[in-house]
Amino acid sequence: MKKLFILFFSVIFTLFSLHVQSQTFTITATSAGEGEIIPSGVAYVEYGAHSEIYVFDASPGYHAHYAIIDGVNNALAVFNGFHRFMDVTENHTIHVIFKPNNFTIVATASEGGVINEMGVVTVAYGTNKTLYFEPFAGYKTVRVIIDGIDNEQAVEDGFYTFENVSGNHQIAAQFEKVWYDVTYQPVPGALVAPVVGYTSPVKYGTSYLFTIVLEEGCSQSNILVRVNGIPLNPTGDVYAITNIFMDQVITIEGVVLNKYELVAKAFNGGTITPAGVFVVTHGESKTFTITPDPGFKVSNVVVNGESKGAIETYTFFDIRGNSTIKAYFEVPQGINNIDETAITVFSHNNTVTIMNNQLIPVKQVDIIDMYGRLIWTGQAFTEKTDISLDVATGIYGVRITTESNTITTKVSITK
């Protein structure tokens, strides 16, 4: 009986083993996204056999992101890019999800500005990405380096677009502080002189100080200084342009050549031509002719207080200030038709005044004290000669010697 029982169970086990070994199982392979799993669909695998190798074939710009095997993501399969079911004893599923590759754009900027997206920027495969360069106030974009190469067009445009991105990139923007020119329109007779320490060009937001130097011949000018058309007033003699944020142009108006007064006068016995008071311009020249009247001769011509002798013509060259010319005449020796009573003498306190309105030629003037001592001697060429004396109070004699006579009078001096 025991042997019969063992034989029965042996037959049952053999039949069961034969049944199990004859089974087949299904493997269902699916995918989502830009890519496919190869092979895909439903495959049959005999009991205990190995499946085919399932390869994850991503489209360009994509990658296998998940490999969900029997409901669980298999990171090793994602890493390997394939999977194989070994010793299959049951049904299986495999589902691969593909996602776009993400690339990075590393965007950096120097001091003075930013890129609208800074740092590490993530960009999907095949897409476009535009980055803008934004300089701060007073700065400008001077260089844009893309993947190590200068891109002048990006500087000019103010932005750069990475098109159809298929890899990692780098972009760097460099900014510099803006510099502005300070210039001036040259004007004859005036010069713009920067104050020490100020030069052009100047940085954004800073100042520029200057003075106006007028040439010698334009010192009388009443000037108006403008900067970019706007009047600018000085503090003392210094002009200041402050908070500069654009180019500056300095203009100067009202620069004129100096005007001087020239006086030409002839005294008794002749004429000077032209005569009178004239207004002349700096650097101008002017000629005068001296002509004695009948019975007279030129005795002296005095220019700006300096005797030029008995000349008959004189020219002022390159006039640079107020000037005078005076012509004196005399009667030649042996001729006397001059009324010498026209010379008068008077005193006030300690000053003796000689009035010679007709400019009668005077050779010498002597002043004598009450003891007959000579206390002053000199000449009187002009219409009015004042002689100041430092002497004791008393009566003094005045002796005036002309070409043909001697006039003597007395004056009172009060100490």
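Tutor: Start with burial: a residue is buried under 20% relative accessible area, exposed over 50% and partly exposed in between, with a 1.4 Å probe and protein chains only. By that cut-off Phe-210 is buried, at a relative accessible area of 0%. Now the ground rules. The model is predicted, so local features need pLDDT of at least 70 and side-chain atom pairs count only at pLDDT 80 or more, while totals for chains, interfaces and linings use all residues. Residues are numbered from 1 along each chain as its sequence is written, and side-chain values use heavy atoms, with hydrogens and water left out.

Next, the ring rule. A pair of aromatic rings is described by the distance of the centres and the angle of the planes. Rings of Phe, Tyr and Trp (its six-membered ring) pair if their centres lie within 6.5 Å; planes under 30 degrees apart count as stacked, over 60 as edge-to-face and the rest as tilted. The count by this rule is 12 aromatic pairs.

Take Phe-210 and Tyr-239. Their pair is stacked, with 5.3 Å centre to centre and 10 degrees between the planes. It links distant parts of the chain, 29 residues apart. Phe-210 sits in strand β21 (residues 208–214), and Tyr-239 in strand β24 (residues 239–241). Strands here are DSSP runs of E with at least two residues, helices are runs of H or I with at least four, and both are numbered from the N terminus. Tyr-239 is buried too, with a relative accessible area of 8%.

Now Phe-267 and Tyr-328. The ring centres are 4.7 Å apart and the planes meet at 5 degrees, so this pair is stacked. Phe-267 lies in the loop between β26 (259–266) and β27 (270–273), and Tyr-328 in strand β33 (residues 323–330), so the pair ties together parts 61 residues apart in sequence. Both Phe-267 and Tyr-328 are buried.

There is also a cluster. Ring pairs join Phe-278, Phe-288, Tyr-314 and Phe-316.

Finally, the setting. The chain has three helices and 40 strands. Its C-alpha atoms fill a box of roughly 200 × 45 × 25 Å along the principal axes. Of its 415 residues, 33% count as buried. Take contacts (heavy atoms within 4.5 Å). Among those between residues at least 6 apart in sequence, 58% join residues at least 24 apart.
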